[in-house]
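Dear colleague,

Please find below the structure that I am handing over to you. My notes on it follow directly after.

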Amino acid sequence: KMEKSTNLRWRLPLICFLWEIIMIILFGVFIRYDEESDAHWVEFKKENNITSDIENDFYFRYPSFQDVHVMVFIGFGFLMTFMKRYGYGAVGFNFLMAAFGIQWSLLMQGWFHSLDYSDGKIKIGVESLINADFCTASTLIAYGAVLGKVSPVQLLIMTLVQCTCFAVNEYILLNLLLVRNFTIPAQSLLLFFFLIILFIFLHLFIYQPSFIITKVLNNFVLIKNSLAAWFSIGTIFLWVFWPSFNSAISNHGDAQHRAAINTYCSLAACVLTTVAMSSLYERKGKLDMVHIQNATLAGGVAVGTAAEMMMSPYGALIVGFICGIISTTGFYFLMPFLESKLKIQDTCGVHNLHGIPGLIAGIVGAVTAASATEGVYSRQGLTNFFDLEGKNEGRSISQQGGFQAAGMCVSIAFGVVAGTIVGLVLKLPFWGDPADDCCFEDEVYWKVSGQNTPGEW
Amino acid sequence: KMEKSTNLRWRLPLICFLWEIIMIILFGVFIRYDEESDAHWVEFKKENNITSDIENDFYFRYPSFQDVHVMVFIGFGFLMTFMKRYGYGAVGFNFLMAAFGIQWSLLMQGWFHSLDYSDGKIKIGVESLINADFCTASTLIAYGAVLGKVSPVQLLIMTLVQCTCFAVNEYILLNLLLVRNFTIPAQSLLLFFFLIILFIFLHLFIYQPSFIITKVLNNFVLIKNSLAAWFSIGTIFLWVFWPSFNSAISNHGDAQHRAAINTYCSLAACVLTTVAMSSLYERKGKLDMVHIQNATLAGGVAVGTAAEMMMSPYGALIVGFICGIISTTGFYFLMPFLESKLKIQDTCGVHNLHGIPGLIAGIVGAVTAASATEGVYSRQGLTNFFDLEGKNEGRSISQQGGFQAAGMCVSIAFGVVAGTIVGLVLKLPFWGDPADDCCFEDEVYWKVSGQNTPGEW
Amino acid sequence: KMEKSTNLRWRLPLICFLWEIIMIILFGVFIRYDEESDAHWVEFKKENNITSDIENDFYFRYPSFQDVHVMVFIGFGFLMTFMKRYGYGAVGFNFLMAAFGIQWSLLMQGWFHSLDYSDGKIKIGVESLINADFCTASTLIAYGAVLGKVSPVQLLIMTLVQCTCFAVNEYILLNLLLVRNFTIPAQSLLLFFFLIILFIFLHLFIYQPSFIITKVLNNFVLIKNSLAAWFSIGTIFLWVFWPSFNSAISNHGDAQHRAAINTYCSLAACVLTTVAMSSLYERKGKLDMVHIQNATLAGGVAVGTAAEMMMSPYGALIVGFICGIISTTGFYFLMPFLESKLKIQDTCGVHNLHGIPGLIAGIVGAVTAASATEGVYSRQGLTNFFDLEGKNEGRSISQQGGFQAAGMCVSIAFGVVAGTIVGLVLKLPFWGDPADDCCFEDEVYWKVSGQNTPGEW
């Protein structure tokens, strides 16, 4: 087989410059400040009888935005640094993808969600930044599944396609099907099927059968001593800030408050069942750090759809309880099965952490929406919450559950489409991805000193 | 002596599942959203003429809550990762204890502080989450003292007992003795005596005389090269966010503002005297990272009681100045003394960081309260601050100082009781704690690859 | 040559105690709470018809303050931990300098900016804390340039001189020249010339010609394997929180909102061009982690002056685009040139990260200010923004640009003066700086275990 060239000296700079210049042009044509970040806000305030600067959305959402920003760049970046010789790639490529992804997401989500038809401009504010971070987060999760096996050029292409599909899918869900609070599980589902299809393409066209065995035996060595504890800093930042993630774009007031409480409860319960299952699966009852670093987050994913709802704190505990069990089980049984039988190597176990909890989230969301009553929410609360006076006036609460189920199907379809596109594009031979025996090695794409022998690190 | 079994395959899952199920049931029976996180808030707003969503307590306290949350999970977790072969245990068990502790604290503190007698439910909001984090933090501090020597099952039991005692103690202080702003030093004092009693029990019943010498010579090796600098990330997060810790549940407005300023000043002063003393104690004037990583935080602990008070920025500097000296001295003289003479091995030096500064905090709190005057606080300020129109109407300001002193005695009593209970329970032989020569080893409870030889890490 | 004594047993404690006692006295004489952090706020509220506690500046700025605080202590501290044997010094001395710097800055900035002439007291609030952190940050940046080559006593002296010069310079810019939003580029410029002069002094009087070659060959070994990825946690925290840095002291409302958006955009663009240039410069197209860890931040520095302005998101992208290119080029060409030709060894590449982007920031600030029009800002917005009704009433917008240019010249002058003072003071022989062959070694000033052989770490 022909040696692949991993020298990206022209390809990587070209794609970075080209895309950044396109970004500048599109931002120049389309993106402007919204009324709360524009200097005319002083007039807007007067016209709308806003008496205080603190009413600016910035003060409602900026603290949550910064938490989400830490999750995207620190949390996801360090979550993937568990391999002995792929630390630069994990943190550095995560950084590159995220920096491009947030720009492209601002445009894509802007066109679909905040285009001002009066002047054809996208008006952005702090909520747009949060949404861009959300959209990018899904791409970074997908990176976990192909970590160490693709080139930065491929990652940039993947980011482009995925952010596009996510924004379109989100538009269909929020604006056409009018299902509220469905971004996170929709992303999970889309991601789930995106990855399945992508893996099939990668498997069929790219990797050799000898791939897995050789790597596992030689270079694909996980860090397995006490230094590894440091890597859990990524996990813990995600865990700690997940309440902000789930509440960042909730309605002002009680909804944002409730979303944080529910996520806090679900995550706490998830830790206990993850520890329990991890100990139960091992013959000597020892805990596996891989479970602790991943399955503990499933509670945050699964409660995502319904975090804003009146699910009660004990409802959140139940969701977390179930997710800890299922996600740990996935890591223990499903991952080795996928790897040995289907030759699907999901480096970070994305399916167990995001795929399955995403499915649970969809179900939880549909159930809580269908069971919402005036007694629990108050008449006014219900109206505000489901935006019943808006476009979906007259839609019953139980219908709402049906639409959420429909949203799940749309997301699956988009996942299949995105996976196919990315899979087909990536199998083209000129993106500089590493040969099979160079996977999981920083030195393919990074300047690393020569003393890096396998025995030492 | 019979070999102890550290196989927790049934014990750990059982206790995790059992307790989490009990949590779900108790949450189901007792815990509901408070008026600001409930969907009926839209009605509550109207009834109370609240004109803006930003008046929701969420926006007053959520940023501080997230800082406290980072302290509990990142700060305390990484503060304890200084041992070569106990990184998983430090971060992982801290995570488990904290996740259980916050659930149990929500219940315990809820029963005592926010039980709504009209319907028998506990109503929670963001302030409840902060209080739960506070209550749990004290347990995590105590973990530092027994780090590496106990099993996760014992840690969960310790968490249960300690959170219970803290919540009851807090109830007596806040609701019966009516001493305000006394949570933190009361916790410190309780902790101090809790640990002393606990150590006595552990020493008398559990550890062998050969314990200390062998461990120090062989496995209990602290990380002592430049990589160790990374571990100070725990310390620095605690240091940076301590102003949020001390101001998170202060009264809205100037009190919260002042608490942050005072803590900021006290901590800054503490760093300089810690560095000075650390250099002074070493023959060649070299600094000891253990002092920098611990004693620098004492200023935050000691200013805790009085942070809200009009102690003036220079008053805060004086508190920090004194604490840096005393805490570093404790690390230098007291710790080796306790270890060699009394055979008390306080792994993290909790006594020097929390015990003694806690005592100082109690004194500072009593003095500042007793010297509060109308001139400094304004009549209205004084009334609001000491809640003089509430239950303790008619109590003079100097009486207030007396009640705070009484609060210290109650806390000491609770510390002794809690220490006795935990000590007696832990000495039971079936909790799976490690044998003496397996202490401070991750591989007792964690899956660790076999290549972990003493010379390499 | 006489062996230098690096035993700081008396010098370091003496300077720490002395300065802290002076701080306590000066704080006692001068520093008081401002009206929003004083207990009289309850009366102030009534007099000024403030209806809600949330109008306290604490709630506008505290979340940003905490982000800036993390940048100063975690970001700058860990940015400098890239040397194999200088981790303690990087984090520990950064901690010491910052803790002293914020106290001294509170005083210096207080005297110049918030002295209440009615009672001769400095009134501090959360904005003062942010400004103190800003002022200190510039000192920590300068530390990067002399990292490993000076003693903690020298660092404390450097902190004192630099904070003083910065505060005076800032006073001239803000209060005499009336140039708004110019703190950050002014600091960059001052820093730039400060460092150049300082280097000349250090080179002429202190270091031996043999210095660079021997160190680079032997001990000055950068960490260059996958563990090094962890060090980027400093970079990423700086990158993530830079929007808070640039918006923390902006005007309430839209200005703060806009500053965050512009910084977010500029930073994202900067990452792409940094990656592009890094790949382009290396023969095999490999990326250099040093570029990623430094040049990606230049976008935040350069947008600093104009972040509050209506520069549009695409304007911010252009600034970031240019800065990524220039800063990476600086690291690739300028740094080796300075080191080999001028014998200037800028350990952290401060010139490329802060010096040159600072110059760009000055130009961007002048241009955006000169081109501000009523159409873009609204009449009221323009008046508020440039404080046209204040002291600089009647000054035209284009004049404003001229004054900003004048501000640059003043900053350069201050840089030269500060550099000369610090250079002259530091060359005095009694500050305990390390001999040439002991530079970049933690064990000079820290207790480190003896097993630290060059081959192992």
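Does A:Trp111 count as buried, partly exposed or exposed? With a relative accessibility of 23%, A:Trp111 counts as partly exposed. Please bear in mind throughout that this is a predicted model.

Over all chains, the structure holds 69 aromatic pairs. One of them is formed by A:Phe30 and A:Trp111, whose rings are arranged edge-to-face, with 5.3 Å centre to centre and 90° between the planes. Because A:Phe30 belongs to helix α1 (residues 11-30) of chain A and A:Trp111 to helix α4 (residues 87-113) of chain A, this pair ties together parts that are 81 residues apart in sequence.

I turn now to the arrangement of the copies. Chain A is superposed on chain B by a rotation of 120° with 0.0 Å of shift along its axis, at an RMSD of 0.0 Å. The two copies are therefore related as by a three-fold rotation axis. Among the residues of chain A, A:Pro63 comes closest to the rotation axis, its C-alpha lying at 3.5 Å. As for the contacts, only 11% of the interface residues of chain A are also interface residues in chain B, so the copies meet through different surfaces.

With kind regards

Notes
Residues numbered from 1 in each chain as written. Chains lettered and ligands numbered in written order. Predicted model: local features only at pLDDT ≥ 70, side-chain atom pairs only at ≥ 80, totals over all residues. Heavy atoms only, no water. Least-squares fit on C-alpha atoms with pLDDT ≥ 70 in both. Contact = heavy atoms within 4.5 Å. Phe/Tyr/Trp six-rings, centres within 6.5 Å; stacked < 30°, edge-to-face > 60°. Helix = DSSP H or I, 4+ residues; strand = E, 2+ residues; numbered from the N terminus. Buried < 20%, exposed > 50% of the residue type's maximum accessible area, 1.4 Å probe, protein only.
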